[in-house]
Amino acid sequence: MKTQTGTSRRDFLKIAGTTAGGLVIGFNWFSCDSPKMEVLSIEQVLAQAKSFNSFLSISPTGDVVIYSPNPELGQNIKTSFPMVVAEELEADWEKVRVVQANLDPQKYERQLTGGSGAMPHSWERLRKAGATAKFLLVTAAAQTWNVPVTEITVSKGMIRHEGSGKKGHFGEFVDLASTLSAPEEVTLKDKKDFTIIGTPIKNVDAKDMYTGKPMYGLDFHREGMYYAMIQRAPFGMKISNVEDSAARGVLGVTNVVTFGSSVAVVGTSTWPLMKAKKLLKISYEPDGIVESTTDHDKLFADLLATGKADVKRKDGDVASAFKSAAKIVTAEYQCPFLAHSPMEPENFFAHVQADKVELVGPTQTPDRARQETARLLGIPPENVSVEITRLGGGFGRRLRADYVIEAVEVSRAIQAPVKVTWSREDELTGGAYRPAVRYRFEAALDAAGTLIGYKLRGVGMNAGNTTRETNFPSGAVDHVLIESIDHASSITTNAWRAPITNFLAYAEQSFLDEVALAVGKDPVDFRLELLSRAKTNPVGALGYDVDRMIGVVKMAKEKSNWGKNSSVKQGFSVYFSHKSYVAQVADIEVSGGIPTLKKITAVTDCGLVVNPTGANHQVRGGIVDGMGHAMYTNLTFEAGVPKQRNFDTYRLIRLKEVPEIETHFVDSGFDPTGLGEPALPPTGGAIANAIFAATGRRLRSQPFIEQKEFSDIQLQIKRA
Amino acid sequence: MANFTLKVNGTTHQVEVEDDTPLLWVLRDQLNLVGTKFSCGIAQCGACTVHVNGNATFSCVTPVSSIGNSEVTTIEGLSKEGNHPVQKAWEEVDVAQCGYCQAGQIMNAAAFLEQNPTPTLEEIDNAMNRNICRCGTYHKIREAVALAAKSK
């Protein structure tokens, strides 16, 4: 496969011009197998490495440095991106060092983690980066040996010319290669020849993580820096008075700073600040509407009944379809607000100086942190540097820069470097939640049990569009009306892993189950019937590939032995999000009246699987996440303040609560798509549908354990 | 403020802090041993797990004044080369996603296996249930503990 590199000669020279030159340390490649081989430090490698492009430097020792630009929060991008570069380079993975790149918009186009978008965006760019460097190395070898380029082969970091018996490692050619012009086009490998992609390469940070090396934002330390913690106002309130003398009296507290509706206590270590924060006496006054969960419940009912909605999709004539229907099914589904609760609480280091700002910490959007900082201070964005640490989870919370800006505010006020740390209570009460949403679904069926009309009306609290109007079952139904109402709330919201679909998928897949059963159809066959309609005669615009969705449905039916074992009650769910397709089946066995969740089978089509270990992780992790929040987690408000303030009441799923998860991947031949989110949306529906099959109880709100329909179901979870 | 002499990872340290300071913050802020993680601060998640005289202990709720002569071991001191059987099993199974909770998971597993070298799967589940992993690596945690038990 030939592909344009997009690199002009001038661009290449510009990049090459920034190459670090310098000392070559004596190193004998052919002694590599010797157990006494000295492993160079990354600093030693970088000191002599030549830059080939933004992703790649190679040292004369043959060590390959691959830069990973996107923030790593557990999605494994820091391992999978370099695998793609190394594959096309034909590198020896044992010689690859991975370095987290800092924010550099000149070098990298999409330096963010969100939307499961990194791999689809960068797949070809990464391959070209590796292939271009390989081309240059091969050209340099051909020139050095005076042999034709076409007779040279490359494998595991070694360049060979069979005819002459000559061979050498990459490092021997980097000096010459880095002076050559980048080609205008390169040949990418055939996927069947991949030797790194598709193999279970281990996490590149494993050793550091398992030995406690400093690598997360919260671990960052700078000599002379201060620590700060912040008390934020309840939602809908602002500060009317601050009495801070007791807080200032705590040993180790050096300052108390108020900005906006926040009060920061500043000091020389963390613990005194936790104590001092509790001693702040802050009076608040309303600044907007002060909301409670009971207000939201009433709002949902009112807005679903009479609210003015945005029409997101209108196919055919819904009114006539419902008038002519032989059967109508209606149901409402509701979910609460949720916090993101990454294990590493929000934190950031900021040092505001006269002419520049230094930022260090965990962020999914380093450029947003930079831009918002520049705007706040009225300085050019180029004067703000952002060092990206490893993130202890994100789940969307760190797409916002609010906690970065807080650190900037405090550093500006105290004119010193500072690290702001959030406590767990701050994290759960400090906002930017998954929005609470309520849906009403209506289905019209004709006498044959065919779905002829479909209505969806969603109301969300600061949720934006609560629907996904081009998603299934759109395209499969003649008469469709999809409407959304966004209610402005004083409670802040933000993207939360698989935004909107993290709940919409559960609601929709549960409702489709209700509809199928109402007309006596098998839930899987019912979906296949709809998909068949969408394939042969689609209605309106579709956002999904019907064949790929059929593919995962059929494979899930087969792999789960759907309907074949009468003692196992099963629930089915399938969803398309973030360019990937995932079908899931939950198995519940009932014995002596006690239902036991035994297994979830997942079938995923995310195109080519780059790293099977990483892919399995993302699918199982997504399912555990989807199950945990559907089953257990709630966040409720009283007068603008969340009632669940830590993990004692904000219940996260634990080890003993996860069943066996069996994963399968469809070999669809497509390029890889993202996997950080797509496995989560179907899970709640699969479990709820299995619970219905096993108990006859339909769960239409989350979390399940707080619903009255669930109160006498002693659901057990069995590890196989 | 009071002076405390602490034995951490085989080394004696002097620190001057308030006596209610949790061991977690002494380790992180005073001794720069940041492998022990802060997450909930109320003994609910296990990210801060260290060994005190070999027992898995939530350092976030353990006042420094309660340590006395006890031996404290953190993830940095679990092994010299990072090759404790539990660490090796974690690498072999490739457990982590974000990795933030894993130091606490490893410390809990190491103390558990010291006390119960041949656990049943159910005993592993019971022991590891006190640590939260928000990424949901629970299947791999079970697998790694079982592997470490076998290889010890």
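Figure 1. Val52(B) stands opposite Asn55(B) of strand E4(B). The model is predicted; local features require pLDDT of at least 70, side-chain atom pairs count only at pLDDT 80 or more, and totals for chains, interfaces and linings use all residues. Residues are numbered from 1 along each chain as its sequence is written, and chains are lettered from A and ligands numbered from 1 in the order in which they are written. Strands E3 (residues 49-52) and E4 (residues 55-58) of chain B run antiparallel and are joined by four bridges. Two strands count as paired if DSSP finds at least two bridges between them. Helices (H or I, at least four residues) and strands (E, at least two) are DSSP runs, numbered from the N terminus. Two residues lie between E3(B) and E4(B) in this hairpin, and Asn53(B) in the turn has a positive phi of about 50 degrees.

**Figure 2. The two domains of chain B.** Chain B is assigned domain 1 (2-77) and domain 2 (85-151); the bounds come from an automatic or database domain assignment. The centres of domain 1 and domain 2 of chain B, taken over C-alpha atoms, are separated by 21 Å. Domain 1 of chain B brings 14 residues to the contact and domain 2 of chain B brings 13 residues, where two residues are in contact if their C-beta atoms, placed from the backbone, lie within 7 Å. On the domain 1 side, E3 and E4 of chain B are the elements that give two or more residues. The largest share of that side, three residues, comes from E3(B). By class, the domain 1 side has six nonpolar, seven polar and one charged residue. Ala, Val, Leu, Ile, Met, Phe, Trp, Tyr, Cys and Pro count as nonpolar, Asp, Glu, Lys and Arg as charged, and the others, Gly among them, as polar.

**Figure 3. Helix H2 of chain B and its cover.** The buried residues in H2(B) are Val86(B), Gln87(B), Ala89(B), Trp90(B) and Val93(B). They fall within an arc of 160 degrees seen down the axis of H2(B), so they line one face of the helix; the arc is that of the directions from the helix axis to the C-beta atoms. A residue is buried if 20 or more other C-beta atoms lie within 10 Å of its own, exposed if 12 or fewer, and partly exposed in between, with C-beta atoms placed from the backbone. The cover over the buried residues of H2(B) includes helix H6 (206-211) of chain A together with H3 and H5 of chain B. Asp94(B), with a positive phi near 60 degrees, follows H2(B).

**Figure 4. Surroundings of Ile106(B).** Ile106(B) lies in helix H3 of chain B. This residue counts as buried because it has 29 C-beta neighbours inside 10 Å. Neighbours within four places in sequence aside, Ile106(B) is in contact with Tyr210(A), Ile75(B), Leu78(B), Val86(B), Gln87(B) and Trp90(B).

**Figure 5. The side of chain B that touches chain A.** In this interface, 46 residues of chain B are in contact with 46 residues of chain A. Helices H1 (23-30), H2 (85-93), H3 (102-115), H4 (121-128) and H5 (138-151) of chain B each supply at least two residues of the chain B side. H5(B) gives the most, with four residues. The chain B side has 22 nonpolar, 16 polar and eight charged residues.

**Figure 6. The nonpolar cores.** The largest nonpolar core has 169 residues, and those with the most contacts inside it are Met549(A), Val552(A), Ile687(A), Ile106(B), Met107(B) and Ala109(B). Such a core is a set of buried Ala, Val, Leu, Ile, Met, Phe, Trp, Tyr and Cys residues joined through C-beta atoms within 7 Å. Helix H14 (residues 501-518) of chain A supplies the largest share of this core, nine residues. A second, separate core of 44 residues includes Ala49(A), Ile66(A), Phe170(A) and Ala177(A).

**Figure 7. Strand E17 of chain A and its partners.** Six of the six residues of E17 (residues 347-352) of chain A are buried. Asn347(A), Phe349(A) and His351(A) point one way from E17(A), and Phe348(A), Ala350(A) and Val352(A) point the other way. Four bridges join E17(A) to the antiparallel strand E20 (residues 418-421) of chain A, with Ala350(A) opposite Val418(A). Strand E18 (residues 357-361) of chain A also runs antiparallel to E17(A) and is joined to it by four bridges; there, Glu358(A) is the bridge partner of His351(A). E17(A) and E18(A) form a hairpin with four residues between them.
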